[in-house]
Amino acid sequence: MKEKGPTRRSLLGGAAAAAGAAALGASSSAAAGPARRWGMVIDLDRCTACGACTVACRQENNVPPSRPGPEHGGREIEWMSLLWQEAEGAGGLPIALPFPCQHCAEAPCVKACPVGATLKSAEGITLQIWERCIGCRYCMVACPYGRRSFNWEEPRWDGTLVQLLNPDVATRPAGVVEKCTFCHHRIRDAKQRAALEGRALADEDARRLPACAAACPAEAIVFGDLNDPESRVAQLARDSRRFRLLEHLGTDPSVIYLKRDRRS
Amino acid sequence: MLPRPPPPSAPPATQPLPATSIAWLASLACAAGAIAFGLYCFALQTRSGFVVTGLGNPGQGGGAWGLYIAFDVFFVGVSFAGITIAALCRLFDIAALRPVTRLAELLTITALVAGACAVMSDLGRPLHGLLELPNFANPRSPFFGTFTLVVAGYLFASVVYFFLAAREDAAATARTASQGRWFYRLWASGWRDAPSDHRRHHQVSFWLALGILPLLVTAHSTLGFIFGIQSGRPGWYSALQAPAFVVMAGVSGTGGVILVTLAVRRLLRLHDRIPDASIRWLGNFLWVLSLVYLYFMVVEELTATYAAPAADRRVAHEIVTGAFAPLFWTAVLSLFLAFAIPFSLYLRKRTSMAAVGLAALLANVAAVLKRLLIVVPSQTHGTLAQVDPPSRYAPSWIELGIVLGMFGVVAFAILLFVRIFPVVPTAHPPGGSPTRAERGWMRIAATTLTALVALALITIGITDSFRLWSGEETDPRLPYSPAIFAAGVMMLFSSAIVYEAFPARGKPPVAQVIRAGHRRVYARAQFRSSRDLRNRRQP
């Protein structure tokens with residue numbers, strides 16, 4: 001799938017380069033090399049499975065709290081959770097993988113959505129337009145990672161919980177699918193702040209940008225531009241311990257895990 | 001044996017409409033009750049959200065799709081056989097099947113409506129679906145086929161075929177019906193019972209049947225692709241899905257036609273008009289198709305257990321020996337009997353309506369179970385990265401109630417129709433090609449124009465739906481381009497109506513005379529045309 005000839009973007013870039021100096025001013029962004037691809041590296045050696053990322057995500061993105069009762073079982077809305085895996089070899093503790101949306105470059109959910117409510121942003125984030133979602137749940141069955149949640153009922157924040165809602169993120173109605181957005185509202189915010197200061201968004205601004213990365217006490221989650229070879233996340237992604245989940249499916253995820261080495 | 005077709009010079013035997021019987025009223029009341037209960041359940045689901053169903057997030061061990069999708073596939077599958085039987089009957093002139101064609105077409109249309117109800121019940125926001133699908137539907141999603149090809153193309157083509165095939169009977173009923181004549185006249189839409197009418201219909205029905213069959217295979221394949229092209233879902237990812245869906249549609253649809261035919265025949269006492277021979281033909285279709293599907297199941301299980309990836313094997317074992325084994329083996333046994341019963345009748349050259357009816361029922365039981373076994377286990381047990389252990393999906397009573405309502409829709413529509421319209425098509429003399437004069441250049445021009453506009457709409461609609469002109473935008477450039485595509489497909493099939501019902505020159509069409517309100521003029525027009533009919537037959 002990767003070698004399918006020139007894409008529209010690369011063609012545009014080529015045209016801009018051929019046009020030379022005359023076109024430079026108009027299409028400087030297209031000529032400035034490959035676009036950003038936001039990605040995440042999660043170092044399992046550092047992760048202590050404290051779950052701070054899951055709580056921070058819930059808080060940041062107005063993910064409704066799960067409710068007790070059997071009718072709510074298996075219907076929890078999760079953007080970030082821990083995927084527990086048996087350790088390799090005897091004596092090892094089970095491994096917890098912080099498990100957000102994998103933001104696949106070849107996302108099966110994007111192809112499946114009948115109305116284009118889920119799409120890839122220009123910077124590689126798999127977004128969901130809640131407003132347009134019709135609730136057919138095809139994306140949920142198409143996602144091999146099970147990283148999409150349906151609003152089985154109207155979300156509720158009882159009592160004073162409603163005062164903790166984040167005004168930067170819209171709440172979602174019943175009947176739509178929602179998912180991790182790599183905290184794209186924070187990315188937009190950081191970009192605007194950098195623009196006000198008259199500079200481009202730097203790698204240091206991005207490293208701990210999503211709420212999960214910001215909350216991780218062990219700094220196991222690093223965020224950044226995978227297409228920028230100098231960024232911290234791209235350097236970590238070249239580590240020999242790297243692996244990605246279900247890589248054989250060819251989904252090309254943007255979340256890269258670093259294998260646990262230590263036995264503890 | 002079929003009753004011999006009446007001699008050409010005699011007027012067609014008009015079929016009297018059945019009287020309102022207690023049994024019919026009771027059946028209609030039951031169907032209406034089922035619809036009402038289904039609507040009540042749907043209202044509860046709309047009010048409380050999908051928390052009232054048994055569905056859940058696949059990543060947490062549940063199934064995001066359940067009964068609704070299984071029954072969507074089932075009802076669209078049932079619709080398959082009806083129009084196929086009608087088309088095959090026309091293409092190969094199978095006289096024995098003619099008496100069941102109208103019921104078969106009717107089942108196609110009503111089952112497709114029920115399938116659309118199933119999709120609507122499954123949507124988290126049905127109103128948004130109605131507003132956004134015509135605007136943004138994306139052909140890259142296999143659901144596009146369900147929304148446009150199945151609902152617009154295939155349902156509309158079936159309605160056109162149904163409408164044109166029944167014009168003759170509508171005109172005949174308009175002459176005899178005691179009330180609601182306007183309805184029959186409207187349906188007849190200018191049918192004068194002239195030889196030219198018959199010849200034109202003979203020609204149009206052939207091309208329509210030829211056009212519907214590939215559309216049908218495409219539409220059913222898109223249903224299979226919904227599952228077959230998802231590589232992330234073990235048990236679904238298989239090239240066999242699309243052809244298997246087409247064959248299973250044939251199995252359940254033939255069974256459905258048999259059941260509906262038997263029920264209507266009994267209810268309206270139509271034994272003289274629907275002979276056993278017709279149902280024997282359907283029984284033969286049933287055993288052939290069931291056998292093909294049994295073969296598909298063997299291939300499917302062998303592929304999924306021999307050297308398949310671990311996750312595929314896990315799902316297959318769960319189906320054959322695990323939590324889904326009771327459903328699976330019931331499905332296998334039902335399908336085997338749906339093959340064995342009509343096959344043994346065929347071998348022994350016997351006829352037993354009860355046995356064929358049982359086989360038809362079992363075929364549909366197998367179809368429902370098989371669809372559930374395709375939809376559910378791959379979600380509950382096939383998730384590759386699962387947070388919680390798998391749970392078993394069990395439909396709630398609300399889901400069952402909504403599905404009952406869909407059966408109510410099918411039953412209600414069929415019951416209502418058989419009361420107000422002759423269900424057995426009149427056997428008319430074979431047509432032939434219309435002469436040049438009968439075609440008329442105006443008719444040809446109008447048909448060609450309709451078809452060309454339709455093709456233009458299809459081209460514009462599908463290319464823009466594919467976002468080919470959108471540049472960097474993610475949405476189609478034109479508003480409602482998927483609807484433009486669907487309208488184009490509908491218009492293409494409408495060109496058949498234009499060709500057939502285009503007002504003939506010379507004599508005023510009956511419908512126009514009637515609309516003026518002169519019943520006697522209408523009667524004379526009929527007489528004139530039937531005299532004309534006799535004159536033309538005698539050179």
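Biologist: Where is B:Y480 found?

Modeller: First, this is a predicted model, in which local features need pLDDT of at least 70, side-chain atom pairs count only at pLDDT 80 or more, and totals for chains, interfaces and linings use all residues. Residues are numbered from 1 along each chain as its sequence is written, with chains lettered from A and ligands numbered from 1 in the order in which they are written. Helices are DSSP runs of H or I with at least four residues, strands runs of E with at least two, numbered from the N terminus. On that basis, B:Y480 sits in the loop between α17 (441–465) and α18 (481–501) of chain B.

Biologist: Which residues of helix α11 of chain B are buried?

Modeller: Helix α11 spans residues 310–320 of chain B. What covers them includes α10 (276–305), α12 (325–347), α13 (353–375) and α14 (377–380) of chain B. The buried residues are B:D312, B:V315, B:A316, B:E318 and B:I319.

Biologist: Which helix gives the largest share of the side of chain A that touches chain B?

Modeller: Two residues are in contact if their C-beta atoms, placed from the backbone, lie within 7 Å, and 39 residues of chain A are in contact with 43 of chain B. β2 (81–85), α5 (108–112), α6 (138–142) and β6 (149–150) of chain A each supply at least two residues of that side. The largest share, four residues, comes from α6(A).

Biologist: Which strands stand at the edges of the open sheet of four strands in chain A?

Modeller: The sheet has the order β8-β1-β10-β9 with mixed pairing; strands pair if DSSP finds at least two bridges between them. β1(A) and β8(A) run antiparallel over five bridges, with A:I42 opposite A:I221. Each edge strand has a single partner, so one side of each lacks a neighbour in the sheet: these are β8 (221–225) and β9 (242–243) of chain A.

Notes. Buried ≥ 20, exposed ≤ 12 C-beta atoms within 10 Å, placed from the backbone.
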